[in-house]
Each structure stands twice: as structure tokens, then as C-alpha cells.
Amino acid sequence: HSGVQMGGWFNREINSVNDLKGLKMRIPGLGGEVLRRAGGTPVNLPGSELFTALQTGTIDATEWVGPYNDLAFGLYQAAKYYYYPGWHEPNAVLECLINKKAFESLPEDLQAIVTNACRATSNNMLSEFAARNSDALVELVNTYGVELRRFPDAVLDRLRALTDEVLGETAARDPLFAKVYASYSAYQQRSAAWQDVSILPYLQSRGD
């Protein structure tokens, strides 16, 4: 798990939905399709080309991961504004792909070892990202003077509406996608009540 990601690095201010029009941004997949419908131009580039493309103006913006990884890439040297939240990718997970027959052929104790190794790796990764992102964000802002910006509510509302549209259309033509989407959506609805009285108010009550 990488945890919540950032909205990305921009060389253009995003003050309204109109500022997305004509925006050339490195953003793949479903997020890229959402940007296209908002009037932007999604561009697919490997991580190794992001810095140069942003610095030379080949693209106006790029998303990558978060402060920990973005600091290592030196993206703060190629863009002025660092936007949040990462509406397009609230999390990312790694996969461990194992042949089902081979896995089932293992004794139960070895199956348990493999399963728990995957769980431990996932939990450790999420913990590392939480710690490293915190330190890296402070360094980006305090040492390198990065200008941290929040996407305006109107922009987030528009992106959310377009996201729902893209997800709905994709689910309509892909049964497996529809199954996963339905499961995620059902859990989101079930968990909302608890989040509203637990994590969110706790953070708000701290005032920091």
C-alpha cells in the first residue's frame, strides 16, 4: 500500500474547472480518461521521463506518487505548484501472483506462511509510506519552498462527477470490473458512518 497519493506537480495554477482545459498532464488509466473529459490531454510517460518532460514544457503537470517518491525524483525543481488531494488514486497496492494449483498443492502451514508474508509486506509498506511521506513533505515545503495547493472544491466536484461517469461506463462493459466496483462501493457506503465519527472528527479535534 502506498496510502493516499498527491494530486501532482503543476506549472499552471488550477483555480477553476476551466484551468483543466488544454492541460497536458502525465496521468494514465481511468484518471487520464477523466482528465480528457474535463478538457485536458492525458499523456502516458514512464517515470524516467517525467522530470525532463515537465522541465521542458512537454507536459504542464504530472502525478507520480507522493512526497517520499516525488522528492527522490526531484520534481520540485521542475514545477512550482504541488496540488492535493490525489483524487485519481487514493491508494495503490502491490500484487503477489501465484499459480492457484501450485499454491493449493502446498501444505497448510506453508500456505499460511505465504499469505502472512504478503500481509506483513503490505502493512509494512503502508507504515513506511506514512512515515516517509510526512518527513518528505516537510522537507519539500520548508527546505525547497514548494508551494502546496489544494484543488478548489468546484474542481474536485467536477472531477468526481466525471469519475463516476467513467466508472459507470466501464462497469457496464466489463463484468469483472463491475464486480470489483460494486464491492468497493458497497464497502465505502458501509464504512462511511464509522469514518464520520472516528478518524475525521479525531483529526479535526486535534486542530493540527
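1. Let me start with a pair in helix α7: Phe-177 and Tyr-181 both sit in this helix, four residues apart, which is about one turn of it. Helices here are DSSP runs of H or I with at least four residues, strands are E runs of at least two, and both are numbered from the N terminus. An α-helix has 3.6 residues a turn, so residues three or four places apart point the same way.

2. A word on what we're looking at. This is a predicted model, where local features need pLDDT of at least 70 and side-chain atom pairs count only at pLDDT 80 or more, while totals for chains, interfaces and linings use all residues. Numbering starts from 1 along each chain as its sequence is written, and side-chain values use heavy atoms, with hydrogens and water left out.

3. Back to the rings. Rings of Phe, Tyr and Trp (its six-membered ring) pair if their centres lie within 6.5 Å; planes under 30 degrees apart are stacked, over 60 edge-to-face, and the rest tilted. The count by this rule is nine aromatic pairs. Phe-177 and Tyr-181 make one that is tilted, at 6.2 Å centre to centre with 45° between the planes. Elsewhere, Phe-10, Tyr-81, Tyr-83 and Phe-151 form one aromatic cluster.

4. (Buried means under 20% relative accessible area, exposed over 50%, and partly exposed in between, with a 1.4 Å probe and protein chains only.)

5. Leaving aside neighbours within four places in sequence, Thr-170 is in contact (heavy atoms within 4.5 Å) with Leu-30 and Phe-177. Thr-170 is buried, with a relative accessible area of 10%.

6. Helix α6 itself (residues 153–173) has 21 residues that should span 30 Å at 1.5 Å a residue, and its end C-alpha atoms are 31 Å apart, which agrees. The expected span is 1.5 Å times one less than the number of residues. Buried residues in α6 include Val-155, Leu-159, Val-166 and Ala-171. Among the elements covering the buried residues of α6 are α1 (29–37), β6 (147–150) and α7.

7. Helix α5 (residues 108–142) passes the same check: its 35 residues should span 51 Å, and its end C-alpha atoms are 51 Å apart. Gln-111, Met-125, Phe-129, Asn-133, Ala-136 and Leu-140 are buried in α5. The buried residues of α5 pack against β1 (8–10), α3 (67–73), β5 and α4.

8. Gln-195, Asp-196 and Val-197 of α7 touch Ile-199, Leu-200 and Pro-201 of α8.

9. One for the geometry check: a cis peptide bond joins Tyr-84 and Pro-85, with omega about 0°. Pro-85 lies in the loop between β5 (81–84) and α4 (100–104).

10. Overall, the chain has eight helices and six strands. Its C-alpha atoms fill a box of roughly 55 × 40 × 40 Å along the principal axes. Of the 208 residues, 31% count as buried. Among contacts between residues at least 6 apart in sequence, 70% join residues at least 24 apart.
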